[in-house]
Amino acid sequence: MPYPLLSKKKKGEGMYRLEKGNKEMILRFSRKAVCSEADCEEICRMLLESTVDIRKITGIGCGILFHERLGAVVIEAEPFPSLLLTVRSVIPKHAWFHD
């Protein structure tokens with residue numbers, strides 16, 4: 001199944017313009033979220049999957065996505081003026097604390 005085209009807004013900026021259904025959003029990566037380009041594109045794909053509820057993340061203002069290889073991806077959402085999602089942190093599994 002092909003994914004929609006992922007395009008960086010400006011080279012080196014770590015920003016992607018995404019489209020899911022009829023909703024456009026911008027995904028950016030904070031400087032603290034150290035990711036390779038391949039990891040950034042994998043996070044983009046995760047957000048475009050039908051199982052991720054963008055409205056829920058936007059309504060709460062943040063969310064955590066779990067990925068088998070990357071770990072926990074912490075996302076902040078700002079709905080106005082357009083939907084802006086910021087990856088604040090990527091926490092690998094070995095850094096998780098379990099009870």
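Val52 touches Lys20, Met46, Leu47, Ile57 and Leu65 when residues up to four places away in sequence are not counted, contact being defined as heavy atoms within 4.5 Å. The structure is a predicted model, in which local features need pLDDT of at least 70, side-chain atom pairs count only at pLDDT 80 or more, and totals for chains, interfaces and linings use all residues. Residues are numbered from 1 along each chain as its sequence is written, and side-chain values use heavy atoms, with hydrogens and water left out.

Val52 is placed in the loop between α1 (37–48) and α2 (54–60); helices (H or I, at least four residues) and strands (E, at least two) are DSSP runs, numbered from the N terminus. The relative accessibility of Val52 is 11%, so Val52 counts as buried. For this classification, buried means under 20% relative accessible area, exposed means over 50%, and partly exposed is in between, with a 1.4 Å probe and protein chains only. Leu65 is 13 residues from Val52 along the chain, and the C-alpha atoms of the two are separated by 8.3 Å.

Gly14 counts as buried because its relative accessibility is 14%. Leaving aside its neighbours within four places in sequence, Gly14 is in contact with Leu27, Arg28 and Phe29. Between Gly14 and Glu37 the C-alpha to C-alpha distance is 8.3 Å, with 23 residues of separation in sequence.

The aromatic rings were then considered. A pair of aromatic rings is described by the distance of the centres and the angle of the planes. Rings of Phe, Tyr and Trp (its six-membered ring) pair if their centres lie within 6.5 Å; planes under 30 degrees apart count as stacked, over 60 as edge-to-face and the rest as tilted. A search of the whole structure finds 2 aromatic pairs. In one of them, the ring centres of Tyr16 and Phe29 are 6.0 Å apart and the planes stand at 75°, so this pair is edge-to-face. Because Tyr16 lies in strand β2 and Phe29 in strand β3 (residues 23–29), the pair ties together parts that are 13 residues apart in sequence. Tyr16 and Phe29 are both buried. Phe66 and Trp96 also form an edge-to-face aromatic pair, with 5.6 Å from centre to centre and 80° between the planes. This pair links distant parts of the chain, 30 residues apart, with Phe66 in strand β4 (residues 62–67) and Trp96 in the segment after β6. Phe66 is exposed, at a relative accessible area of 57%, while Trp96 counts as partly exposed at 27% relative accessibility.

The side chains of Thr86 and Arg28 are joined by a polar contact of 2.8 Å. A polar contact is a pair of N or O atoms within 3.5 Å; within protein, one must be able to donate a hydrogen and the other to accept it, and residues adjacent in sequence count only if both atoms are side-chain atoms. With neighbours within four places in sequence left aside, Thr86 is in contact with Arg28, Ser30, Val74, Ile75, Glu76 and Glu78.

The structure holds 6 salt bridges, each being a side-chain nitrogen of Lys or Arg within 4 Å of a carboxyl oxygen of Asp or Glu. One of the salt bridges joins Glu78 and Arg28, with the closest N and O atoms 3.5 Å apart. Glu78 lies in strand β5 (residues 71–78) and Arg28 in strand β3, so the pair ties together parts that are 50 residues apart in sequence. Glu78 is partly exposed, with a relative accessible area of 29%, and Arg28 is partly exposed, also with a relative accessible area of 29%.

Another salt bridge is formed by Lys93 and Glu68, whose closest N and O atoms are 3.1 Å apart. With Lys93 in the segment after β6 and Glu68 in the loop between β4 and β5, the pair ties together parts that are 25 residues apart in sequence. Lys93 is partly exposed at 38% relative accessible area, whereas Glu68 is exposed at 65%. Arg88 forms a salt bridge with Glu76, the closest N and O atoms lying 2.6 Å apart.
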